[in-house]
Amino acid sequence: MSTAVAEGKTWSGGNEPLKASYGKMMMWFFIVSDALTFSGFLAAYGFSRFKFISEWPIADEVFTHVPFLHGQELPMIYVAFMTFILIMSSVTMVLAVDAGHHLNKAKVTLYMFLTIIGGLIFVGSQAWEWATFIKGDYGAVQTKGGNILQFVDTDGHRVALRDFVVAEHTDRAVHERKNGLWFVDEAPLPPFTVEEVVKGLESHENVLVRTQLLDENGHKTVLSREESLKQIKENGKLVVEGANLHVNEYGSPLFADFFFFITGFHGFHVLSGVIINIIIFFNVVLGTYERRKSYEMVEKVGLYWHFVDLVWVFVFTFFYLV
């Protein structure tokens with residue numbers, strides 16, 4: 001086995017571990033370390049969900065939106081579409097690597113372009129999903145204990161606050177730096193007050209309160225008419241719409257924290273991969289690797305892209321399916 005070291009080089013490729021070049025070995029080291037990071041995040045999510053399993057949001061009720069189909073309940077459809085696009089981009093990356101092995105510049109260019117398009121569609125879709133998740137759809141009331149009270153009709157269908165609550169005129173203004181304390185900003189005021197929700201609930205006898213606690217059948221507990229009014233009057237603290245790092249109309253705020261952090265961290269990886277793919281794509285177009293007689297750079301970025309796709313499979317399983 002050769003042990004020669006070329007002059008001026010840290011490693012000449014002698015004694016190649018697993019017959020891999022230095023660049024590929026470094027990419028594998030990065031992938032392994034990043035995989036451990038994602039494993040830690042998903043393990044933390046799993047432990048948290050197990051601890052609060054009786055009050056964790058139901059994914060089929062949270063991720064129901066599809067662009068251009070406003071008002072329709074289509075659970076998981078758009079998330080499945082995003083997953084399909086990302087998996088297909090991994091397929092086109094495999095084809096690009098294979099074309100590189102055959103020094104076929106035209107096919108490498110085509111498949112790299114398709115991979116970039118798939119990545120951009122996924123990143124754009126994830127941004128849209130974030131915006132929809134943050135905006136919310138129905139609204140809810142947060143109790144003094146931090147739990148979430150949602151609203152349904154007598155048939156169990158969700159009811160939005162705006163459908164039965166009327167906002168009354170108020171003179172209260174949001175504190176801003178220009179009209180409040182110096183260097184102090186206040187969060188936007190909720191669209192309704194708890195008192196307005198109580199009045200709306202009293203005037204609509206077909207509206208009931210649903211807690212975030214799950215019953216033995218895995219469904220959220222719906223309170224009676226009397227219990228609904230009692231809960232809002234005695235425990236209602238704040239009207240919330242959508243989700244952020246402080247409140248979450250869908251249920252436990254911890255769910256929103258993990259959602260933003262883990263999907264955001266993965267989305268950053270996908271965006272980084274798209275940028276790197278664009279750089280490699282232009283090098284392919286300029287004939288850089290054709291002159292080298294080697295498309296190993298395409299193969300190395302392909303390893304990263306496959307890793308990003310594989311991580312999404314686990315994120316998809318943890319957040320959306322389980």
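Buried means under 20% relative accessible area, exposed means over 50%, and partly exposed lies in between, with a 1.4 Å probe and protein chains only. The views below come from a predicted model, in which local features need pLDDT of at least 70, side-chain atom pairs count only at pLDDT 80 or more, and totals for chains, interfaces and linings use all residues. Residues are numbered from 1 along each chain as its sequence is written, and side-chain values use heavy atoms, with hydrogens and water left out.

**View 1. The largest nonpolar core, with 52 residues.** A nonpolar core is a set of buried Ala, Val, Leu, Ile, Met, Phe, Trp, Tyr and Cys residues joined through side-chain atoms within 4.5 Å. The residues with the most contacts inside this core are F63, F133, V298, W312, F319 and Y320. Two or more residues each come from α1 (22-51), α2 (59-62), α3 (77-101), α4 (105-135), α7 (253-285) and α9 (296-321). With 13 residues, α9 gives the most to this core. Helices (H or I, at least four residues) and strands (E, at least two) are DSSP runs, numbered from the N terminus. A second, separate core has 18 residues, F151, V159, L161 and V207 among them.

**View 2. The surroundings of F63.** Contact means heavy atoms within 4.5 Å. Setting aside residues up to four places away in sequence, F63 touches L74, P75, M76, V79, E129, F133, F255, F259, F319 and Y320.

**View 3. P67 in the loop between α2 and α3.** P67 counts as buried because its relative accessibility is 16%. Apart from neighbours within four places in sequence, P67 is in contact with Y78 and W128. P67 and Y78 are 11 residues apart along the chain, and their C-alpha atoms are separated by 8.2 Å.

**View 4. A network of salt bridges linking E61, R210 and K220.** A salt bridge is a side-chain nitrogen of Lys or Arg within 4 Å of a carboxyl oxygen of Asp or Glu. The side chains of E61 and R210 meet at 3.0 Å, N to O. E61 lies in helix α2 and R210 in strand β3 (residues 207-214), so this pair ties together parts that are 149 residues apart in sequence. E61 also forms a salt bridge with K220, with the closest N and O atoms 3.8 Å apart. K220 lies in strand β4 (residues 220-222), so its pairing with E61 in helix α2 joins parts that are 159 residues apart in sequence. E61 counts as partly exposed at 31% relative accessibility, whereas R210 is buried at 5% and K220 is buried at 7%.

**View 5. The salt bridge between E202 and K233.** Five salt bridges are found in a search of the whole structure. In the one shown here, the side chains of E202 and K233 meet at 3.1 Å, N to O. E202 lies in helix α5 (residues 194-203) and K233 in helix α6 (residues 225-235), so the pair ties together parts that are 31 residues apart in sequence. E202 is partly exposed, with a relative accessible area of 40%.

**View 6. N277 in helix α7.** N277 is buried, with a relative accessible area of 0%. Not counting residues up to four places away in sequence, N277 touches M93, M112, T115, I116, V301 and W305. The helix α7 has 33 residues and reaches 47 Å from its first C-alpha to its last, close to the 48 Å expected at 1.5 Å a residue. The expected span is 1.5 Å times one less than the number of residues in the helix. After α7 comes G287, whose phi is positive, near 80 degrees.

**View 7. Aromatic pairs F38 with F307 and F133 with F260.** Rings of Phe, Tyr and Trp (its six-membered ring) pair if their centres lie within 6.5 Å; planes under 30 degrees apart count as stacked, over 60 as edge-to-face and the rest as tilted. By this rule the count comes to 32 aromatic pairs. The ring centres of F38 and F307 are 6.3 Å apart and the planes are at 65 degrees, so this pair is edge-to-face. F38 lies in helix α1 and F307 in helix α9, so the pair ties together parts that are 269 residues apart in sequence. Both F38 and F307 are buried. F133 and F260 also form an edge-to-face pair, at 5.5 Å centre to centre and 70 degrees between the planes. F133 lies in helix α4 and F260 in helix α7, so parts that are 127 residues apart in sequence are tied together. F133 is buried at 3% relative accessibility, and F260 is buried with a relative accessible area of 10%.
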